[in-house]
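I opened a new notebook page for this one.

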Amino acid sequence: FINNMLSDLENIKAYPYDCNEQLASKMSAMLLIEEVSDKGFMAAKGPGQWKSIRNKLLKNINSEKMFGWWPGGKSNTDITLYVLDVLLQCTKGYNSDIREVSFQLRNMMKADPAQFETRQQILVLDLLLESNQYDTMDCVYHLRTLHPENMPSFDQILFYSMEKKVYEKTDMKKVMALSRTTPMGNLYWPGDENSLFYNDVKATAVAYELLRTDPAYQYLLPRI
């Protein structure tokens with residue numbers, strides 16, 4: 001499994017383009033390879049390679065303190081959330097430039113949350129909490145305005161994940177009700193079939209983390 005994963009990560013590192021999505025994906029792969037190395041599963045291989053990618057990304061922040069698909073391009077919320085999430089994976093990457101992106105998202109959220117899709121609102125909450133731009137009560141207040149029963153499956157999974165972080169509990173039966181079973185008996189959670197950022201893999205990864213933190217459901221992890 002480790003060898004297959006490392007092979008896939010090396011393929012991601014070889015992405016040919018310097019759009020912000022591929023740069024962030026390459027940086028994420030480098031960070032994961034470094035983590036695997038630190039845990040002793042492989043010899044160190046170019047530690048710190050991600051730093052040059054981080055510096056490129058920081059230069060690509062546009063005049064609105066957001067990210068577009070390309071350096072300095074028109075702001076795109078999904079790209080901004082994806083890139084900021086990757087940058088925050090490494091605490092050394094948290095600097096004044098990243099703080100300005102977080103400030104911009106916070107100001108947009110406070111001004112008018114409706115300018116974000118529901119899933120984006122939840123992801124913004126998560127990033128603001130992680131970057132210390134929101135505290136727990138800010139998140140509690142906003143979560144109370146959302147109604148998961150009216151959300152698509154992917155958004156519900158994000159909601160329950162955020163609820164677990166804020167309240168330290170959520171209704172795992174509702175999480176399991178969103179799961180699907182493959183013909184081989186494995187579990188996955190459906191996302192948006194044609195979405196780059198909100199697909200089955202992302203939905204299942206979020207659900208996996210929820211189950212991993214609940215001892216009553218950890219027995220299901222090998223099936224995911």
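**Entry 1: what I am looking at**

I noted before anything else that this is a predicted model.

**Entry 2: α8 and α10**

I began with a pair of helices, since two packed helices are described by the angle between their axes and the distance between the axes. I picked helix α8, residues 153-167, and helix α10, residues 200-212. Their axes are 10 Å apart, and the packing angle is about 30°. Angles under 35 degrees count as roughly parallel, and α8 and α10 are therefore roughly parallel to each other. I also looked up the hand of the crossing of α8 and α10, and it is left-handed.

Which residues make the contact? On the α8 side I found F154, I157, L158, Y160, S161 and K164. On the α10 side I wrote down K202, A203, V206, A207 and L210. Sorted by class, the residues of this contact are eight nonpolar, one polar and two charged.

**Entry 3: D155**

While I was in helix α8 I stopped at D155, which lies there. Is D155 buried or exposed? Its relative accessibility is 4%, so it counts as buried. Leaving aside residues up to four places away in sequence, I see D155 touching T118, R119 and I122.

**Entry 4: α4 and α6**

Next I turned to helix α4, residues 77-87, and helix α6, residues 118-130. Their axes come within 11 Å and cross at roughly 30°. The cut-off for roughly parallel is again under 35 degrees, and α4 and α6 are therefore roughly parallel to each other. I checked the hand here too: α4 passes α6 in a left-handed crossing.

From α4, the contact takes T77, D78, L81, L84 and D85. From α6, it takes Q120, L123, V124, L127 and E130. I sorted the α4 and α6 contact residues as well, into five nonpolar, two polar and three charged.

**Entry 5: the rings**

How many aromatic pairs does the structure hold? I got five. One of the pairs I looked up is W69 with F197: the ring centres are 6.3 Å apart and the planes sit at 40°, so the pair is tilted. I then asked where the two partners sit. W69 is in the loop between α3 (50-59) and α4, while F197 is in the loop between β2 (187-188) and α10, so the pair ties together parts that are 128 residues apart in sequence.

I checked accessibility for both. W69 is partly exposed, with a relative accessible area of 38%, whereas F197 counts as buried at 13%. I also noted a cluster: ring pairs link W69, Y82, F154, F197 and Y198. F154 was already on my page, as part of the contact of α8 with α10.

**Entry 6: positive phi**

Last, I went through the backbone angles, because most residues other than glycine have a negative phi. N132 is not a glycine, yet its phi is positive, at about 65°. I found N132 in the loop between α6 and α7 (136-143). With a relative accessible area of 66%, N132 is exposed.

E168 is another residue other than glycine with a positive phi, near 65°. I placed E168 in the loop between α8 and α9 (172-177). E168 is exposed, and its relative accessible area is 66%.

Notes:
Residues are numbered from 1 along each chain as its sequence is written. This is a predicted model: local features need pLDDT of at least 70, side-chain atom pairs count only at pLDDT 80 or more; totals for chains, interfaces and linings use all residues. Side-chain values use heavy atoms; hydrogens and water are left out. Axes are lines fitted to C-alpha atoms, for helices over the stretch in contact, and angles run from 0 to 180 degrees between N-to-C directions. Helices (H or I, at least four residues) and strands (E, at least two) are DSSP runs, numbered from the N terminus. Angles under 35 degrees count as roughly parallel, over 145 as roughly antiparallel, 65 to 115 as roughly perpendicular and the rest as oblique. A crossing is left-handed if the near helix is turned anticlockwise from the far one by less than a right angle, and right-handed if clockwise. Contact means heavy atoms within 4.5 Å. Ala, Val, Leu, Ile, Met, Phe, Trp, Tyr, Cys and Pro count as nonpolar, Asp, Glu, Lys and Arg as charged, and the others, Gly among them, as polar. Buried means under 20% relative accessible area, exposed over 50%, partly exposed in between (1.4 Å probe, protein chains only). Rings of Phe, Tyr and Trp (its six-membered ring) pair if their centres lie within 6.5 Å; planes under 30 degrees apart count as stacked, over 60 as edge-to-face and the rest as tilted.
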